[in-house]
Protein chains: 2
Amino acid sequence: MNCSIGVDIGGTNIKIIIKSELEYKRYSLKTSDFKSGLILDGVSEFIIDYISNSIIEFVDIKSIVIAVPGPVVDNVVLFCVNLSWGKVRVVDRMKELLPFTTNIFCVNDANACLYSEIMGMEEKCVVLLTLGTGIGGAYYNDGIIEGSTGSVGEFGHINIDSKYNFKCNCGLSGCLETVASATGIEAVYKSKTNGFCLSCEEIFSAALLLEKNALETIEELYENLGKVLSMIALTLNPDVFIIAGGVSSAGSCLIDGIKKYYEKYSFNSVRDTKIIKTSLGSYSGAIGAMLYGEKKRKCIIKSKI
Amino acid sequence: MNCSIGVDIGGTNIKIIIKSELEYKRYSLKTSDFKSGLILDGVSEFIIDYISNSIIEFVDIKSIVIAVPGPVVDNVVLFCVNLSWGKVRVVDRMKELLPFTTNIFCVNDANACLYSEIMGMEEKCVVLLTLGTGIGGAYYNDGIIEGSTGSVGEFGHINIDSKYNFKCNCGLSGCLETVASATGIEAVYKSKTNGFCLSCEEIFSAALLLEKNALETIEELYENLGKVLSMIALTLNPDVFIIAGGVSSAGSCLIDGIKKYYEKYSFNSVRDTKIIKTSLGSYSGAIGAMLYGEKKRKCIIKSKI
């Protein structure tokens, strides 16, 4: 039996896909259930437990791919600001933790997500933006492009905001993710209400009910995202932008809102770039990771080519 | 005899390189000597005159490459805001104007410039920024990447400035080139002095003499460029940035000034990206255009690959 495992470690959830000829299982763990330094221990324990209680045997596991929210170079993640990770040799650590040997890879989470999205797409040049606990991104142009230090698509740390100038987990201030990730949206709302908190989902709902602070928060979100996409368009000029991550579940209003400001700020030659929502759900990162393991040879990841 | 001609049409000057086995000639014409719609007429007249007065014959001309400051798709430039050009079929028009047939191509000016820069460079992923009358850019990653609508590297129209919010030739406001091109630098200075004008070169000189308004103008320039490069780094993550164009002749202070702000705004994983000045002079666009004609097969221009 052939079994492939994809793991997507996010700031809030860890998604796991286990696929064999017999089954296709999806699991979600809470990241906060593990101490920062013990996340990989938790993942490997989960995998060992799962296999122990199934008909799958260790020898059936053909690949495990771990997607992480930070720049990855040669299977090593340089840091993950939203996991409080410094440099982690993910593959080496997983090999220590697992009682069996298999192919193990580490990839950037947004790259994994884009890898699952581009399957079946016609466009050849695609940029993905993931709006979750943090903000990541990826760029596909006849292969996923990683860049000099695995940092292509680290859009979350583009300096965009001077109004709130919130401190970012990365040490800088005014980064896109301080105002436009799920946590950023919540922080903007909180600053407008003198400390009253709502979750990101509740803020979108309140905006639908025309609550003033929520409406303002969402309008600023659209403007920041529209502006950043217009910058990215002048830099990468893709055929299409895909918006993914938890925040993308806010529905069509999100895409319409981003488009309004994208068009406002966009240079004529890129104004018609398509902006669409992910066609996959919250497991797209884990699915992409799993596919990456299965089809390693087909997935050209360009790094310092 | 084999003769290749490269032409770089800028907002201020038109640079022409004519190379044969016997000679290597450089010429500069003033763009303002021609009406917007008659620039190509002027270029073709110059070429015809030159050949008529040399030992070169029409049949010796193996290629003519015209570099233009705007997005190019399939030898057609979509528009050039700094030449007041709409869509121009440059190659078709040149064929009408010239009394002989040869290989004629049209390329983006920054792409031509980068094409001459990368000859002999070791780095594989390079971003070029041209600071001239306007601001352009180009991206090399195992070939020059043009993007969906020839707009990769149109950095001049990234929305960066909300302080002056000058109207840009492109119709938008707050574009990088309204504050950081040669004309942009002059406009910022003028707004600080209630209308007193200096040329870009004079402003750099005045800053060296510690004139307050000039110092402020140059400091704002460094901050805007440093910030934009930090954005581009998180998007393309190149090995190196090359600063070219007329403003780059300001010397090492320019690179040091940009670096100061680049490091301030840069995410950890891209903070060490090299920033260097062009190694070629003001003819690099024309040289790149000429080389493009000579080595067409070696120059992989990726467009909608």
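Student: Why is B:Val152 called buried?

Tutor: This is a predicted model, and the values are computed from it. Buried means under 20% relative accessible area; B:Val152 has 5% and is therefore buried. The residue B:Val152 lies in the loop between β10 (144–145) and α4 (177–180) of chain B.

Student: What does B:Val152 touch?

Tutor: Leaving aside residues up to four places away in sequence, B:Val152 touches residues of both chains, including A:Leu234, A:Thr235, A:Leu236 and A:Asn237, as well as B:Tyr139 and B:Ile145. Its C-alpha atom is separated by 9.5 Å from that of B:Gly136, 16 residues apart along the chain.

Student: How many residues are in contact, and what area is buried between chain B and chain A?

Tutor: In chain B, 45 residues are in contact with 45 residues of chain A. The size of an interface is often given as the accessible area lost when the parts come together. Here the area buried is about 3500 Å², and carbon and sulfur atoms give 61% of it. The count of salt bridges between chain B and chain A is zero.

Student: What makes the pair A:Glu294 and A:Lys19 a salt bridge?

Tutor: The criterion is a side-chain nitrogen of Lys or Arg within 4 Å of a carboxyl oxygen of Asp or Glu. For A:Glu294 and A:Lys19 the N to O distance is 2.9 Å, so the pair meets the criterion. The pair links distant parts of the chain, with A:Glu294 in helix α9 and A:Lys19 in strand β2 of chain A, 275 residues apart.

Student: Why is helix α9 of chain A described as mostly covered?

Tutor: Ten of the eleven residues of helix α9 (residues 284–294) are buried. Among them are A:Ile287, A:Met290, A:Leu291 and A:Tyr292.

Student: Where do A:Glu216 and A:Lys212 lie, and how far apart are the closest N and O atoms?

Tutor: Both lie in helix α7 (residues 212–236) of chain A, four residues apart, about one turn of the helix. An α-helix has 3.6 residues a turn, so residues three or four places apart point the same way. The closest N and O atoms of the A:Glu216 and A:Lys212 salt bridge are 3.2 Å apart. Both residues belong to a network of salt bridges that also links A:Lys163, A:Lys192 and A:Glu220.

Student: Why is A:Lys212 called exposed?

Tutor: Exposed means over 50%; A:Lys212 has 56% relative accessibility and so counts as exposed. A:Glu216, at 32%, counts as partly exposed.

Student: Which residues make the nonpolar surface patch, and where is A:Leu22 found?

Tutor: A:Met1, A:Leu22 and A:Ile55 make this patch of about 310 Å². A:Leu22 is found in the loop between β2 (13–20) and β3 (24–30) of chain A, and its 58% relative accessibility counts as exposed.

Notes:
Residues numbered from 1 in each chain as written. Chains lettered and ligands numbered in written order. Predicted model: local features only at pLDDT ≥ 70, side-chain atom pairs only at ≥ 80, totals over all residues. Heavy atoms only, no water. Patch = residues over 30% accessible without salt bridge, like charges linked within 9 Å, V, L, I, M, F, W, Y side chains within 5 Å. Areas by Shrake-Rupley, 256 points an atom, 1.4 Å probe, with all protein chains shown as cover. Helix = DSSP H or I, 4+ residues; strand = E, 2+ residues; numbered from the N terminus. Buried < 20%, exposed > 50% of the residue type's maximum accessible area, 1.4 Å probe, protein only. Contact = heavy atoms within 4.5 Å. Buried area = accessible area lost by both parts, 1.4 Å probe.
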